[in-house]
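Dear colleague,

I am handing over the structure below, together with notes on what was found in it. Please read the notes with the structure open beside them.

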Amino acid sequence: MSNLPPVLRNLPLPVIASPMFIVSTPKLVIEQCKAGVVGSMPALNARPASQLDEWLHEIEETLAAYNRANPDRQAAPYAINQIVHKSNDRLEHDMEAVVRRKVPIIITSLGARTDVNEAIHSYGGVVLHDIINNMFARKAIEKGADGLIAVAAGAGGHAGVKSPFALVQEIRQWFDGPIALSGAIATGGAVLAAQAMGADFGYIGSAFIATHEARASDAYKQAIVEGTSDDIVYSNLFTGVHGNYLKASIRASGLDPDNLPESDPSKMSFGGGEGSKKAWKDIWGSGQGIGAVTQVSSVADYVARLKREYAQARERLGLPALAPA
């Protein structure tokens with residue numbers, strides 16, 4: 001059993017929802033938390049920047065009211081994603097907001113920074129850093145991250161190429177803290193499989209795009225429902241970092257998804273400017289696990305399905321049933 005910080009213990013379902021650029025907003029985060037999974041969103045989704053403080057207030061007040069009304073079924077905590085890459089010219093502003101609001105969990109991406117981790121630790125917050133290989137994992141922990149999000153092959157958006165078996169196995173040889181596994185996880189059985197190989201949580205993104213609460217177009221949601229792993233292409237053209245995207249959206253932009261040029265990695269852009277916003281609005285990120293998504297549903301219904309599948313998977317393996325949350 002990993003050494004988990006208190007905020008990540010006793011979740012009704014061992015799932016963290018991944019923060020999705022443009023798609024994740026307070027509406028989605030709140031419903032994820034109420035359903036019993038860690039809800040998250042990128043700070044950069046708040047536009048203008050001043051909106052971030054308003055959104056954090058909305059999340060906190062809504063979840064507090066929910067918890068008062070449901071003392072026996074408390075909401076899961078929420079997380080905010082910070083892009084710490086140098087191209088993010090909003091980082092200082094957004095960090096001031098999350099520190100002021102004492103956001104319980106921060107997910108950092110695209111570079112590990114000691115100063116960011118120290119700021120979050122100053123109020124007792126927890127830092128999870130996403131990585132694509134063991135080398136980056138070591139650097140993240142050395143710089144003060146509390147846990148890791150292992151982004152393996154098949155994950156939506158920016159993703160690595162490592163097998164989840166290899167990636168988690170290598171990290172677990174030296175790290176006993178929290179690990180969430182990302183990469184084509186969309187069912188309760190896949191969540192249990194992630195735990196079986198050494199992770200503590202499944203990290204789910206693409207399946208939440210096909211929910212009523214997600215800020216995605218109907219066409220995007222339907223593409224998730226109709227798509228399979230064959231409809232995903234891996235490319236670095238759009239941001240300078242390799243990621244997985246839906247072929248249909250690439251074709252709709254006038255490009256051939258099977259013959260995409262390589263991008264110059266030195267021109268990476270993640271700062272939330274209009275260029276990167278347009279790229280993610282027109283080119284739809286998606287992981288390879290979407291074959292398990294068969295309809296657009298509410299967050300509550302999707303998480304309820306995950307819980308049933310998770311319980312059924314445990315039963316098939318002869319594992320004891322979990323106590324009701």
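The place of P48 is in the loop between β2 (39-42) and α2 (51-69), where helices (H or I, at least four residues) and strands (E, at least two) are DSSP runs, numbered from the N terminus. The peptide bond that leads from R47 into P48 is cis, with omega near 5°.

Before going further, please note that this is a predicted model, in which local features need pLDDT of at least 70 and side-chain atom pairs count only at pLDDT 80 or more, while totals for chains, interfaces and linings use all residues. Residues are numbered from 1 along each chain as its sequence is written, and side-chain values use heavy atoms, with hydrogens and water left out.

L110, in the loop between β4 (105-109) and α4, has a positive phi near 60°, and A184, in the loop between β8 and α7, has a positive phi near 65°. As background, most residues other than glycine have a negative phi, and most peptide bonds are trans. L110 counts as partly exposed because its relative accessibility is 26%, and A184 counts as partly exposed because its value is 35%; here buried means under 20% relative accessible area, exposed over 50%, and partly exposed in between, with a 1.4 Å probe and protein chains only.

Strand β8 (residues 179-182) is covered on both faces, with I179 and L181 buried on one side and A180 and S182 buried on the other. Strand β6 (residues 147-151) runs parallel to β8 and is joined to it by 4 bridges, and A150 stands opposite L181. Strand β9 (residues 201-204) also runs parallel to β8, through 3 bridges, with F201 as the bridge partner of A180; two strands pair if DSSP finds at least two bridges between them. β8, helix α7 (residues 188-196) and β9 make a right-handed β-α-β unit, a term that applies if, with the strands pointing away from the viewer, the path from the first strand over the helix to the second runs clockwise.

Helix α5 (residues 134-142) has N134, A137 and A140 buried. These residues lie on the same side of α5 because they cover an arc of only 115° around the axis, the arc being that of the directions from the helix axis to the C-beta atoms. The elements that cover the buried residues of α5 include α4 (114-121), β5 (126-131), β6 and α6 (164-172). At the start of α5, a side-chain oxygen of N133 comes to within 3.2 Å of the backbone nitrogen of M135, and just after α5, G144 takes a positive phi of about 110°.

The largest nonpolar core has 76 residues, of which Y78, I80, I171, I204 and F208 touch the most other members; such a core is a set of buried Ala, Val, Leu, Ile, Met, Phe, Trp, Tyr and Cys residues joined through side-chain atoms within 4.5 Å. Apart from it lies another core, of 18 residues, with L11, L128, I149 and A180 among them. Leaving out residues up to four places away in sequence, F208 touches residues including A17, M20, L28, Y302 and V303, where contact means heavy atoms within 4.5 Å.

With best regards

Notes:
Polar contact = N/O pair within 3.5 Å; in protein donor to acceptor, adjacent residues only side chain to side chain.
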